[in-house]
Amino acid sequence: MTQSLKSAVPLLQLERDDSPSAPPVAPRSGQPPRIVFLYSEPSPYIVACWKELKTRYDARMLFVHWEVNPEAPFALDHGSVGKAVPRKGLTTEEIARHVLNFEPDGIFVSGWADRPYLKVAVRARRAGIPVIMGLDTQWTGSVKQWFGCLTARWWLRNAVSDIWTPGERQAQLAAHLGYRGANCWYGVYCCDFDSFNAAGRAPGPRLESFLYVGRYVEDKGMSDLLDAYSIYRARAADPWPLYLAGTGKLRSRLGGANGVTDLGFVEPAALPMVMRHYGGVFILPSRVEPWGVVLQEAAAAGCPLISTDASGASVHLLQNGLNGLRVGVERPDQLAEAMAKLAQASVDDRARMGEASMALASQFTPERWAQTIVNGIARSGCSPAVKSHR
């Protein structure tokens, strides 16, 4: 979802619709909600939410999305809960035809990076259909963001009725875009909480080890993590091993590093038990991390946490000293010190941190996610003109 506001400025050319909108009416009483998702690259956590939406509300869903990121080649099974349409090669008109023929009660757009998606959103808003946009960009207060907010407010209302943010840092940006109160939702990102929490409470040993899960790239702080581990290992009398799960272009740096084991790419179904087994302490060393669902996954699995301040999720999921430690961005020295502190903590203290992590992770669940989108669409309503087609 992430995109700078500056890059959204060309969207000023989108058609405007300054005519008053028709008064909203309640969604079809007693009917399953019909929701379209115009998505970028789906991940396992959103599939868990879609499944909850299907199970809890018998929702009818249409997914239009780009291919899965080759650096995170997850196997997805979202086709079991709705109709999937590959985004690649589709024109704006073709997307609009898929969307409007589906006759949705609401549309979710995973960000503003895809111009055709926003053009379709404008047409949907004219038809009285609520359009919810995901926004994970953190508010920084930079000159570029202030300028972007001033220009984006000019066109965004014509395409988007509500903004759905992960948490507080993103909600600040939404407020500057003019979306507050009932028009700004929380909790757009959440993990498959039940699977990770069940693994976290499973019997059996948890290794005294550090764990990182994610892409092996600079933005994720891989170089900082390896440098920090080297510092920690040189100082510790009995150093913990470091396990890494993922893939990426920095993988070549791992060869020959003492104490480091590369588990490779881990499929979503296996990840909860990987966190349970290897996650004595989970580390998210990111330099850039708008949110970080993996931090919630680790918390739900009962791991004490170390995270940089870059992670938007750390605001909600890591209370310094309660369930882990927060460190500065690109500060291997601080990261090494945090690793030493948690490794030296007692088994009971780390167990208490794990319990606190589980409690904090329970703020965001697929159940709450599904309830948020269904209730939000019901509140926004849809126009009689749309309902007359059904």
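Q: How many aromatic pairs does the count come to here?
A: In this predicted model, the count comes to 19 aromatic pairs. One of them joins Phe37 and Phe108, whose rings are 6.0 Å apart centre to centre with 50° between the planes, a tilted arrangement.

Q: Where do Phe37 and Phe108 lie?
A: Phe37 belongs to strand S1 and Phe108 to strand S4, so this pair ties together parts that are 71 residues apart in sequence.

Q: And are Phe37 and Phe108 buried or exposed?
A: Both Phe37 and Phe108 are buried, and they belong to one aromatic cluster that also takes in Tyr39, Trp50, Phe63, Trp164, Trp185 and Trp369.

Q: OK, what about Trp291 and Phe364, why is that pair edge-to-face?
A: The planes of Trp291 and Phe364 stand at 90°, with the ring centres 5.7 Å apart, and planes over 60 degrees apart count as edge-to-face. Trp291 sits in the loop between strand S11 and helix H9, while Phe364 sits in the loop between helix H12 and helix H13, so the pair ties together parts 73 residues apart in sequence.

Q: Switching to the sheet, what is the strand order?
A: Seven strands form an open sheet in the order S3-S2-S1-S4-S5-S6-S7, with parallel pairing. Strands S3 and S7 are at the edges with a single partner strand each, so one side of each has no neighbour in the sheet. The twist from one strand to the next averages 20°.

Q: Which strands does helix H2 lie across?
A: Helix H2, residues 92-102, lies across S1, S2, S3 and S4, and runs at about 160° to S1.

How values were computed. Residues numbered from 1 in each chain as written. Predicted model: local features only at pLDDT ≥ 70, side-chain atom pairs only at ≥ 80, totals over all residues. Heavy atoms only, no water. Pairing = 2+ DSSP bridges. Helix = DSSP H or I, 4+ residues; strand = E, 2+ residues; numbered from the N terminus. Axes fitted to C-alpha atoms, helices over the stretch in contact; angles between N-to-C directions. Contact = heavy atoms within 4.5 Å. Phe/Tyr/Trp six-rings, centres within 6.5 Å; stacked < 30°, edge-to-face > 60°. Buried < 20%, exposed > 50% of the residue type's maximum accessible area, 1.4 Å probe, protein only.
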